[in-house]
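Colleague: I am new to this structure and would like a short tour. Could we look at it together?

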Amino acid sequence: MNPQLMATDEELMDGVAGGEALAFDQLLERHGKPLFNFFLRQVGNVTEAEDLVQTTFVRILQAAPSFDPAQKFTTWAYRIAHNLCVDFFRRQQHRRAVSLDEPLTDDESLTLGDLMADDAPAPGLRFEDNQLQAAIRRAVTTLPVEQRAVVVLCHFEGRSYPEIAETLDIPVGTVKSRMHNAMRRLRDQLQDWM
Amino acid sequence: MIMLCQSVRDELTHFVLAQLSADETLAVARHLSACADCVREETELRRTTLLVRQWQAAPLSEAVTEQIRSAALADLAAAPRPTRPRHRTGLSWPERWSSLLDAARLMQRQLAPGAFAFVALATLFALIVLVRDPNGAARSGALFLGGMWCASVANGVLALVFGDPGARANPRLRVDVRATALSAAWAGAAVASVFLVVGIAKTLTGEYSELMRLPLYSLASFAIVAVAVCASSRFAAREGGRISGALAALLYFAFSGPLVYIALGFRLDGLWLMAEACMLVFGLLGGLTGDALSARRRA
């Protein structure tokens with residue numbers, strides 16, 4: 001069996017620091033999809049999420065020699081990802097681009113983001129499921145940016161509050177208040193589906 | 001009641017997400033068992049959580065994965081990566097010294113059963129030596145074994161205090177220095193204990209003066225060292241192959257040699273030196289065998 005398969009993330013980072021391409025490949029295999037979804041669920045756009053995940057892995061590669069194996073790789077990597085997200089939203093604010101969540105129809109059921117996103121559901125997926133996916137995406141991506149990160153890390157990455165606090169570099173109390181407010185907003189947004 | 005409801009509602013999100021402590025969870029659960037309004041709110045939040053979590057993960061396209069992979073390969077091939085320092089200085093010196101007590105506590109917990117057994121055996125050995133060996137032929141042997149055991153404990157404490165967690169002897173081999181040093185300490189303590197038991201048996205049968213002179217007995221003793229180091233390496237391989245048996249043997253003798261020399265009262269004895277050298281050779285043989293077996297297992 002390939003020893004890389006048994007190695008921990010931190011050991012793989014050691015390998016990356018030593019120039020092992022296989023170790024990097026294994027990290028990409030393990031964390032490429034979760035990191036991509038971390039971005040996708042925040043920026044709501046596949047192309048942007050792909051760009052951000054590429055940048056994250058470039059940063060991981062560049063910072064590998066200074067990575068401290070005593071710290072948890074996922075916390076470290078998601079901190080990089082979160083910082084990239086913050087930069088992305090800051091740039092977006094400067095550009096004052098057209099909001100992806102701006103409704104295109106009178107009944108607000110279709111947004112620009114829905115049209116641009118090419119993460120189309122599998123052909124077999126029912127119409128209601130498709131609608132539900134769009135509704136959840138709209139509800140999450142319209143949350144304030146700082147609440148979005150907490151929601152994505154908790155609901156989709158399964159992180160505990162202390163882990164989220166460490167990743168985002170904020171106190172646990174702030175994580176709690178952001179999650180409290182976010183869940184109430186989500187409940188209001190998804191009222192029709194409950 | 002209103003205030004109580006309000007404070008419970010502030011915690012409901014965290015209750016639903018199972019992020020409260022056991023006491024807090026119990027307090028909220030007690031309140032919910034008697035408050036229909038809060039139960040309604042809790043149900044809504046639970047449904048919201050279930051709904052949100054239905055957002056399916058999207059796959060990362062193969063083209064993007066390939067782009068990342070080829071960019072990384074180009075980067076790794078273009079610039080040779082700087083080698084990681086052999087010893088990562090994760091702790092400052094004051095932190096190291098302050099962790100001395102923690103290390104002693106940890107070693108005490110880890111080696112406590114062994115220490116009690118050793119003290120009991122050593123007391124028995126001393127009594128037997130006093131009764132049956134009034135000329136003191138076995139006393140230097142007892143001192144040697146005691147020194148060997150103490151040196152092992154000292155090795156463990158040194159490994160815990162001065163070994164940085166994650167320090168690697170070689171990034172490619174991923175040999176964990178601290179774990180190796182700790183393993184060497186264990187191997188040394190085990191070997192000293194075995195010697196002590198054999199010493200008691202030999203003293204009781206009146207053969208102690210011949211203890212180290214019999215070639216067959218010496219060979220068996222050295223084989224014990226080889227097996228102990230080999231076993232520690234094999235055990236480490238099962239846990240992820242992060243300990244080198246050969247390095248463990250070298251580390252053990254690098255520390256224990258001088259300490260036993262001090263315990264013997266700075267006396268260089270040709271027989272003991274020969275015994276130490278033989279144990280080092282056999283320890284290395286055992287360690288290398290353990291490493292080879294681990295490498296085969298990994299392959």
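**A kinked helix and its partner**

Modeller: In chain A, helix H3 (residues 21–43) has a kink of about 45° at His31(A), shortly before the proline Pro34(A). The bend at a residue is the angle between axes fitted to the seven residues ending there and the seven starting there. Helices are DSSP runs (H or I, at least four residues), numbered from the N terminus.

Modeller: This is a predicted model, in which local features need pLDDT of at least 70, side-chain atom pairs count only at pLDDT 80 or more, and totals for chains, interfaces and linings use all residues. Residues are numbered from 1 along each chain as its sequence is written, chains are lettered from A and ligands numbered from 1 in the order in which they are written, and side-chain values use heavy atoms, with hydrogens and water left out.

Colleague: Which residue follows H3(A)?

Modeller: Gly44(A) does, and its phi is positive, near 70°.

Colleague: At what angle do H3(A) and H4(A) pack?

Modeller: The angle is about 140°, and the axes of H3(A) and H4(A) (residues 46–63) are 8 Å apart. Axes are lines fitted to C-alpha atoms, for helices over the stretch in contact, and angles run from 0 to 180 degrees between N-to-C directions.

Colleague: Why are they called oblique?

Modeller: Angles under 35 degrees count as roughly parallel, over 145 as roughly antiparallel, 65 to 115 as roughly perpendicular and the rest as oblique, and H3(A) and H4(A) are therefore oblique to each other.

Colleague: Which residues meet there?

Modeller: Among them, Phe24(A), His31(A) and Phe39(A) in H3(A) and Val46(A), Glu48(A) and Phe57(A) in H4(A) are in contact across the pair, contact meaning heavy atoms within 4.5 Å. By class, this contact of H3(A) with H4(A) has 14 nonpolar, three polar and two charged residues. Ala, Val, Leu, Ile, Met, Phe, Trp, Tyr, Cys and Pro count as nonpolar, Asp, Glu, Lys and Arg as charged, and the others, Gly among them, as polar.

Colleague: And how far apart are the axes of H8(A) and H9(A)?

Modeller: The axes of H8(A) (residues 145–156) and H9(A) (residues 161–168) are 10 Å apart, at an angle of about 135°. That makes H8(A) oblique to H9(A).

Colleague: Changing topic, what is the average pLDDT of chain B?

Modeller: Chain B averages 67, and 28% of its residues score at least 70; pLDDT is the predictor's confidence in each residue, from 0 to 100.

Colleague: What about the complex?

Modeller: The predictor gives it an ipTM of 0.77 and a pTM of 0.51.

Technical notes
Helices (H or I, at least four residues) and strands (E, at least two) are DSSP runs, numbered from the N terminus.
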